[in-house]
Amino acid sequence: MTNSDLIHDETAGIERLLEIMRRLRDPDGGCPWDIEQNFASIAPYTIEEAYEVADAIEREAWDELQGELGDLLFQSVFHAQMAEEAGHFSFQDVIVTMSNKMVSRHPHVFGAESREKSAEQQVADWEAIKATERAAKSETGTLDGVAVGLPALLRAYKLQKRAARVGFDWPSTTDVLEKIAEESAELVEARETLTQTEVEEEFGDLMFVMANLGRHLGVEPESALRAANAKFTKRFQGVEKKLSTLGKTPSDSDLTEMDTLWDQVKIEERINPKTP
């Protein structure tokens, strides 16, 4: 099969996608835009595609998920092609590394360890294996390996989770709530007396402690905020729909009217929670 035949063979699987990517990056006849890209320029698209996968799942848009997963897979192929061109590694190397990692991290499935253990014990074992992997990469600090490029709220959660493993944590949720009250008071004071930079710092401190509260409550803050965003979007769209029946837009309305309609939308949600 020629390379051209491979590109047009819908049954060829991952090899077809790899060849398409190679051709896109080919200096002789490839796509100018693809050829110009590098790891840094593509990274934002990779993050965006991951969020679009999460969005499709959150909306239970299963008809869209296939395409979104394909977009995310293409990002891996894109990075691997650039890495191979630079002599770093190939896509096959990525597959081998990932496969080895999964086998190593699941000795109760692929090794001699018993599967008869609790989910909590499996999590503890998983973390112990990852700690060994980090040590092998000279990541000896407690916070080493928590990716800087993560969304800030998610990274705060992961940093605090790591610190808690070595005992650096408030003993109870009550202590966290007291810290939130303290940080809130400092923010009010900052608003009145400090510079905008200092206000931003105090706000960041409050957000950081809120992430810790989520951890103490067993809530992943990034997921919780995504859900809150979705809820706000749905309710505000409900307000816009009600205004539309009155021949109005939000710009034609005022806060009192929109707040009344907001309450109506919330009541309708409770009566019929499955309303799209």
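Visitor: Which residues are buried in helix 11?

Guide: Buried means under 20% relative accessible area, with exposed over 50% and partly exposed in between, using a 1.4 Å probe and protein chains only. In helix 11, the buried residues are V199, E202, L206, V209, A211, N212, L213, G214 and R215. This is a predicted model, in which local features need pLDDT of at least 70 and side-chain atom pairs count only at pLDDT 80 or more, while totals for chains, interfaces and linings use all residues. Residues are numbered from 1 along each chain as its sequence is written, and side-chain values use heavy atoms, leaving out hydrogens and water.

Visitor: What covers the buried residues of helix 11?

Guide: Helices are DSSP runs of H or I with at least four residues, numbered from the N terminus. The cover of those buried residues includes helix 9 (152-165), helix 10 (173-193) and helix 12 (221-245). Just after helix 11, G218 takes a positive phi of about 75°.

Visitor: How many aromatic pairs are there?

Guide: Rings of Phe, Tyr and Trp (its six-membered ring) pair if their centres lie within 6.5 Å; planes under 30 degrees apart count as stacked, over 60 as edge-to-face and the rest as tilted. By this rule there are 4 aromatic pairs. The ring centres of W33 and Y45 are 5.8 Å apart and their planes stand at 80°, so this pair is edge-to-face. Because W33 lies in helix 3 (residues 32-36) and Y45 in helix 4 (residues 39-58), the pair ties together parts 12 residues apart in sequence. W33 is partly exposed, with a relative accessible area of 40%.

Methods
Helix = DSSP H or I, 4+ residues; strand = E, 2+ residues; numbered from the N terminus. Contact = heavy atoms within 4.5 Å.
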